[in-house]
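Subject: Structure handover

Hello,

Here is the structure you asked about. Please open it first, then read the notes below.

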Amino acid sequence: MSRPATPPGSPWIRRYAPAPDAPVRLVCLPHAGGSATFYSGLARTLAPDIDVLAVQYPGRLERRAEPPMKDLTALAEALVTELAPWTDRAFALFGHSLGSMVAFETARRFEAMGRTPVCLFVSGRGAPSRHRREFGTELDDTTLLQQMRRLGGTDPRVFADEDLMRLALPVLRADYHMVENYRYVPGPPLSCPVTALNGRTDPKVSPPDIAAWRDHTTASFDSLTFPGGHFYLAARHEEVTATLTGHLSRLTEPLRP
């Protein structure tokens, strides 16, 4: 029997195109300030071959009454609890920017439980071992807005709408607080493949930062670069979905009946 599109009591998970018969699930984790809806198009494109679970962090959209989380490891631990019921079949993790760090810490915890993902896809973020603070001062509104404009990915009309900005800034500040205060704790490398996807002109990542992901797995490592900046995913949707489909098809082929 297939699961419902939104499991009762689980505000964390959105299935925009449920694929209950898919052999693999792909858990997608948003960027700082982002929400599960960022992956709605991806979910519809990948179905019915891949069942996409888009994560909704606290503090946004229908969860806006909840305080946003400010500790990345606590977020990863909460996600393991919420996602565990969905690991009854092969699953992979995909994270963009902040989501890459959350995906990595979540993958570590699942592996420690004996539930190793078939792959970790990381996008728009260097390896955890290369993590460093981006801001030396408290994140005021001006700094946050400058960062949003610099990276792109935000509709310019949002900046002119005071009500939208009033909702967005506290969440964005909490997310950047998570990033700024994250401390990588060395431990055993993952045993699943890691694939890094990045925009060629992304100002947030450098080739050495990307290459360092190789040290975080004993399995294979791939690095793919697409035209574009930090939010290259929007413009290169077809290439990204083809990459995910190809990788997951190869990795799950031995598991198919």
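The accessible surface of the protein comes to about 11700 Å². Carbon and sulfur atoms account for 54% of that surface. Please keep in mind that this is a predicted model. The protein has nine helices and seven strands. Of its 257 residues, 51% are buried. Take the contacts between residues at least 6 apart in sequence: 82% of them join residues at least 24 apart.

Aromatic rings

I searched the whole structure for aromatic pairs, and there are eight. Start with tyrosine 39 and phenylalanine 94. Their ring centres are 5.9 Å apart and their planes meet at 85 degrees, so this pair is edge-to-face. The cut-off for that label is over 60 degrees. Tyrosine 39 sits in the loop between β2 (24-29) and α1 (40-46), while phenylalanine 94 belongs to strand β4 (residues 90-96). The pair therefore ties together parts that are 55 residues apart in sequence. Are these two residues buried or exposed? Buried means under 20% relative accessible area. Tyrosine 39 has 2%, so it counts as buried. Phenylalanine 94 has 1%, so it is buried too.

Now look at phenylalanine 104 and tryptophan 213. This aromatic pair is also edge-to-face, with 5.8 Å from centre to centre and 75 degrees between the planes. Phenylalanine 104 is in helix α3 (residues 98-112), and tryptophan 213 is in the loop between α7 (207-211) and β7 (221-226). Those parts are 109 residues apart in sequence, and the pair ties them together. Phenylalanine 104 is buried at 2% relative accessibility. Tryptophan 213 is buried at 0%.

Phe38, Tyr39, Phe94, Phe121 and Phe231 form one aromatic cluster. Arginine 63 lies over the face of tryptophan 12, 4.4 Å from the ring centre.

Helix α2

Helix α2 (residues 72-83) has twelve residues. At 1.5 Å a residue, it should span 16 Å. Its end C-alpha atoms are 16 Å apart, which agrees. Which residues of α2 are buried? They are Leu72, Leu75, Ala76, Leu79, Val80 and Leu83. These residues cover an arc of only 140 degrees around the axis, so they lie on the same side of α2. Here is the general rule to remember: an α-helix has 3.6 residues a turn, so residues three or four places apart point the same way.

Two histidines

Histidine 216 lies in the loop between α7 and β7. It is buried, with a relative accessible area of 4%. Which residues does histidine 216 contact, leaving aside its neighbours within four places in sequence? They are Phe104, Ala127, Pro128, Ser129, Tyr184, Pro189 and Leu190.

Histidine 247 is in helix α9 (residues 237-252). This histidine is buried as well, at 12% relative accessible area. Leaving aside neighbours within four places in sequence, histidine 247 is in contact with Phe121, Thr195, Asp222 and Leu224. Look at Phe121 in that list. Histidine 247 and phenylalanine 121 are 126 residues apart along the chain, yet their C-alpha atoms are separated by 9.9 Å. Phe121 also belongs to the aromatic cluster.

Best wishes

Note on methods: Residues numbered from 1 in each chain as written. Predicted model: local features only at pLDDT ≥ 70, side-chain atom pairs only at ≥ 80, totals over all residues. Heavy atoms only, no water. Phe/Tyr/Trp six-rings, centres within 6.5 Å; stacked < 30°, edge-to-face > 60°. Helix = DSSP H or I, 4+ residues; strand = E, 2+ residues; numbered from the N terminus. Buried < 20%, exposed > 50% of the residue type's maximum accessible area, 1.4 Å probe, protein only. Lys NZ or Arg CZ within 6 Å of the ring centre and 35° of its normal. Expected span 1.5 Å × (residues − 1). Arc of directions from axis to C-beta. Contact = heavy atoms within 4.5 Å. Areas by Shrake-Rupley, 256 points an atom, 1.4 Å probe, with all protein chains shown as cover.
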